[in-house]
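The stops below run from the whole chain down to single side chains.

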Amino acid sequence: MRKLILLLIVLISQSLTAQKANLETVKSFWETIIIPIAENNEEVILKNTQFPLSGSWGYHLDLKEDEANWDRDLFQKNLNAVFSSEFRSRLKEMNFNYLVHHTDSEEKFHFILQVNFSQTKNGVTSDLFYFLYFTQFDKVWKLYQIEIAG
(Lines give C-alpha, C1' and ligand atoms only; values in the text may rest on other atoms or scores of the structure.)
Protein backbone atom coordinates (compact mmCIF):
# COMPACT_ATOMS: atom_id res chain seq x y z
CA MET A 1 0.00 0.00 0.00
CA ARG A 2 2.85 2.38 0.81
CA LYS A 3 4.33 1.79 -2.64
CA LEU A 4 0.97 2.70 -4.18
CA ILE A 5 0.86 5.93 -2.16
CA LEU A 6 4.40 6.84 -3.15
CA LEU A 7 3.58 6.15 -6.79
CA LEU A 8 0.49 8.35 -6.51
CA ILE A 9 2.56 11.17 -5.02
CA VAL A 10 5.16 10.90 -7.78
CA LEU A 11 2.49 10.87 -10.50
CA ILE A 12 0.71 13.88 -9.00
CA SER A 13 3.92 15.84 -8.60
CA GLN A 14 4.96 15.09 -12.18
CA SER A 15 1.60 16.17 -13.57
CA LEU A 16 1.61 19.52 -11.81
CA THR A 17 3.12 22.69 -13.12
CA ALA A 18 4.82 24.29 -10.16
CA GLN A 19 4.22 27.92 -9.37
CA LYS A 20 5.14 29.72 -6.21
CA ALA A 21 2.57 31.64 -4.24
CA ASN A 22 3.77 34.64 -2.30
CA LEU A 23 4.34 34.09 1.40
CA GLU A 24 1.48 36.38 2.43
CA THR A 25 -1.01 34.36 0.36
CA VAL A 26 0.27 31.06 1.74
CA LYS A 27 0.13 32.23 5.37
CA SER A 28 -3.30 33.79 4.92
CA PHE A 29 -4.62 30.60 3.31
CA TRP A 30 -3.27 28.52 6.20
CA GLU A 31 -4.78 30.80 8.84
CA THR A 32 -8.22 31.19 7.24
CA ILE A 33 -8.75 27.74 5.70
CA ILE A 34 -6.55 25.11 7.39
CA ILE A 35 -6.56 26.32 11.01
CA PRO A 36 -10.40 26.20 11.17
CA ILE A 37 -10.24 22.55 10.05
CA ALA A 38 -7.68 21.77 12.79
CA GLU A 39 -9.91 23.55 15.32
CA ASN A 40 -13.04 21.78 14.05
CA ASN A 41 -14.78 25.09 13.29
CA GLU A 42 -17.78 23.58 11.51
CA GLU A 43 -19.23 26.88 10.29
CA VAL A 44 -15.99 27.99 8.62
CA ILE A 45 -15.28 24.51 7.21
CA LEU A 46 -18.69 24.33 5.57
CA LYS A 47 -18.46 27.90 4.25
CA ASN A 48 -15.09 27.05 2.67
CA THR A 49 -16.13 23.78 1.01
CA GLN A 50 -17.42 23.41 -2.54
CA PHE A 51 -20.32 20.96 -2.96
CA PRO A 52 -20.76 18.35 -4.12
CA LEU A 53 -17.40 17.53 -2.55
CA SER A 54 -15.56 15.10 -4.79
CA GLY A 55 -12.97 12.47 -3.97
CA SER A 56 -12.84 9.18 -2.12
CA TRP A 57 -13.89 10.49 1.32
CA GLY A 58 -17.40 9.06 0.99
CA TYR A 59 -16.12 5.64 -0.01
CA HIS A 60 -13.79 5.70 2.98
CA LEU A 61 -16.86 6.28 5.17
CA ASP A 62 -18.89 3.61 3.33
CA LEU A 63 -21.59 6.12 2.36
CA LYS A 64 -24.56 4.56 0.60
CA GLU A 65 -25.39 7.73 -1.35
CA ASP A 66 -24.18 8.19 -4.91
CA GLU A 67 -21.09 10.41 -5.22
CA ALA A 68 -23.13 13.04 -7.08
CA ASN A 69 -25.20 13.42 -3.89
CA TRP A 70 -22.32 14.05 -1.49
CA ASP A 71 -23.75 17.40 -0.55
CA ARG A 72 -23.38 19.85 2.31
CA ASP A 73 -25.82 18.04 4.63
CA LEU A 74 -24.14 14.67 4.18
CA PHE A 75 -20.68 16.16 4.68
CA GLN A 76 -21.83 18.06 7.78
CA LYS A 77 -23.38 14.91 9.23
CA ASN A 78 -20.06 13.05 8.74
CA LEU A 79 -17.68 15.91 9.49
CA ASN A 80 -16.20 14.36 12.65
CA ALA A 81 -15.63 11.08 10.82
CA VAL A 82 -13.92 12.79 7.88
CA PHE A 83 -11.81 15.07 10.08
CA SER A 84 -11.28 12.78 13.08
CA SER A 85 -9.55 13.87 16.25
CA GLU A 86 -6.41 12.01 15.10
CA PHE A 87 -6.49 13.89 11.79
CA ARG A 88 -6.95 17.25 13.53
CA SER A 89 -4.15 16.47 16.01
CA ARG A 90 -1.76 15.78 13.15
CA LEU A 91 -2.92 18.91 11.33
CA LYS A 92 -2.14 21.00 14.42
CA GLU A 93 1.47 19.75 14.24
CA MET A 94 1.81 21.01 10.68
CA ASN A 95 2.32 24.49 9.22
CA PHE A 96 2.03 26.33 5.90
CA ASN A 97 5.32 24.83 4.68
CA TYR A 98 3.45 21.57 4.03
CA LEU A 99 1.33 23.15 1.29
CA VAL A 100 1.96 22.25 -2.33
CA HIS A 101 0.87 24.97 -4.71
CA HIS A 102 0.57 24.75 -8.46
CA THR A 103 -1.17 26.01 -11.54
CA ASP A 104 -3.02 23.44 -13.65
CA SER A 105 -3.16 23.25 -17.45
CA GLU A 106 -6.07 25.71 -17.46
CA GLU A 107 -4.01 28.24 -15.47
CA LYS A 108 -6.11 27.72 -12.32
CA PHE A 109 -4.10 27.96 -9.09
CA HIS A 110 -4.47 25.20 -6.44
CA PHE A 111 -3.21 24.28 -3.01
CA ILE A 112 -2.82 20.61 -2.05
CA LEU A 113 -2.21 19.42 1.48
CA GLN A 114 -1.15 15.87 2.34
CA VAL A 115 -1.84 14.75 5.90
CA ASN A 116 -0.52 11.36 7.07
CA PHE A 117 -1.48 9.91 10.45
CA SER A 118 -2.42 6.73 12.29
CA GLN A 119 -5.95 6.07 13.45
CA THR A 120 -7.24 3.34 15.74
CA LYS A 121 -10.76 2.00 15.22
CA ASN A 122 -12.14 -1.01 17.06
CA GLY A 123 -8.66 -1.82 18.35
CA VAL A 124 -7.11 -1.82 14.86
CA THR A 125 -4.54 0.83 13.98
CA SER A 126 -4.15 1.87 10.36
CA ASP A 127 -2.13 4.48 8.53
CA LEU A 128 -4.22 6.99 6.62
CA PHE A 129 -3.12 9.36 3.88
CA TYR A 130 -5.30 12.36 3.14
CA PHE A 131 -4.97 14.67 0.15
CA LEU A 132 -6.98 17.89 0.44
CA TYR A 133 -7.43 19.95 -2.73
CA PHE A 134 -8.31 23.64 -2.70
CA THR A 135 -8.86 26.31 -5.33
CA GLN A 136 -10.73 29.58 -5.62
CA PHE A 137 -14.40 29.76 -6.55
CA ASP A 138 -15.51 33.37 -7.12
CA LYS A 139 -12.30 34.55 -5.41
CA VAL A 140 -12.96 32.45 -2.28
CA TRP A 141 -10.67 29.56 -1.36
CA LYS A 142 -12.61 26.32 -1.04
CA LEU A 143 -11.96 22.66 -0.41
CA TYR A 144 -13.25 20.82 -3.48
CA GLN A 145 -11.80 17.31 -3.19
CA ILE A 146 -10.68 14.91 -0.45
CA GLU A 147 -8.82 11.72 -1.33
CA ILE A 148 -8.21 9.19 1.43
CA ALA A 149 -5.98 6.13 1.18
CA GLY A 150 -5.12 3.68 3.86
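Accessible areas here come from the Shrake-Rupley method with a 1.4 Å probe. On that basis, the accessible surface of the protein comes to about 8800 Å², and 49% of it belongs to carbon and sulfur atoms. This is a predicted model.

**Whole chain.** Colour by secondary structure. The protein has seven helices and six strands, and along the sequence they follow the pattern α-β-α-α-β-α-α-α-α-β-β-β-β. Of the 150 residues, 41% count as buried. Among contacts with a separation of 6 or more, 54% are between residues 24 or more positions apart.

**Helix 7.** Select residues 85-93, which make up helix 7. How far apart are the closest N and O atoms of arginine 90 and glutamate 93? They are 3.1 Å apart, and the two residues form a salt bridge. The structure holds one salt bridge. Arginine 90 and glutamate 93 are three residues apart in the helix, so about one helical turn separates them. Now colour by accessibility: arginine 90, at 23% relative accessibility, counts as partly exposed, while glutamate 93, at 58%, counts as exposed.

**From helix 7 to strand 5.** Show the aromatic side chains. A search of the whole structure finds 17 aromatic pairs. One of them joins phenylalanine 87 and tyrosine 130, with 4.7 Å between centres and 40 degrees between planes, and is classed as tilted. Because phenylalanine 87 lies in helix 7 and tyrosine 130 in strand 5 (residues 124-137), the pair ties together parts that are 43 residues apart in sequence. Are these two residues buried or exposed? Phenylalanine 87 is buried at 0% relative accessible area, and tyrosine 130 is buried, with a value of 0%.

**Serine 84.** Go to the loop between helix 6 (79-82) and helix 7, where serine 84 is found. Serine 84 is buried, with a relative accessible area of 6%, which is under the 20% cut-off. Which residues does serine 84 contact, leaving aside neighbours within four places in sequence? They are Phe117 and Gln119.

**Lysine 108.** For the last stop, select lysine 108 and phenylalanine 137. Lysine 108 lies over the face of the phenylalanine 137 ring, at 5.1 Å from the ring centre.

Notes
Residues are numbered from 1 along each chain as its sequence is written. This is a predicted model: local features need pLDDT of at least 70, side-chain atom pairs count only at pLDDT 80 or more; totals for chains, interfaces and linings use all residues. Side-chain values use heavy atoms; hydrogens and water are left out. A salt bridge is a side-chain nitrogen of Lys or Arg within 4 Å of a carboxyl oxygen of Asp or Glu. Helices (H or I, at least four residues) and strands (E, at least two) are DSSP runs, numbered from the N terminus. Buried means under 20% relative accessible area, exposed over 50%, partly exposed in between (1.4 Å probe, protein chains only). Rings of Phe, Tyr and Trp (its six-membered ring) pair if their centres lie within 6.5 Å; planes under 30 degrees apart count as stacked, over 60 as edge-to-face and the rest as tilted. A charge sits over a ring if NZ of Lys or CZ of Arg is within 6 Å of the ring centre and within 35 degrees of the ring normal. Contact means heavy atoms within 4.5 Å.
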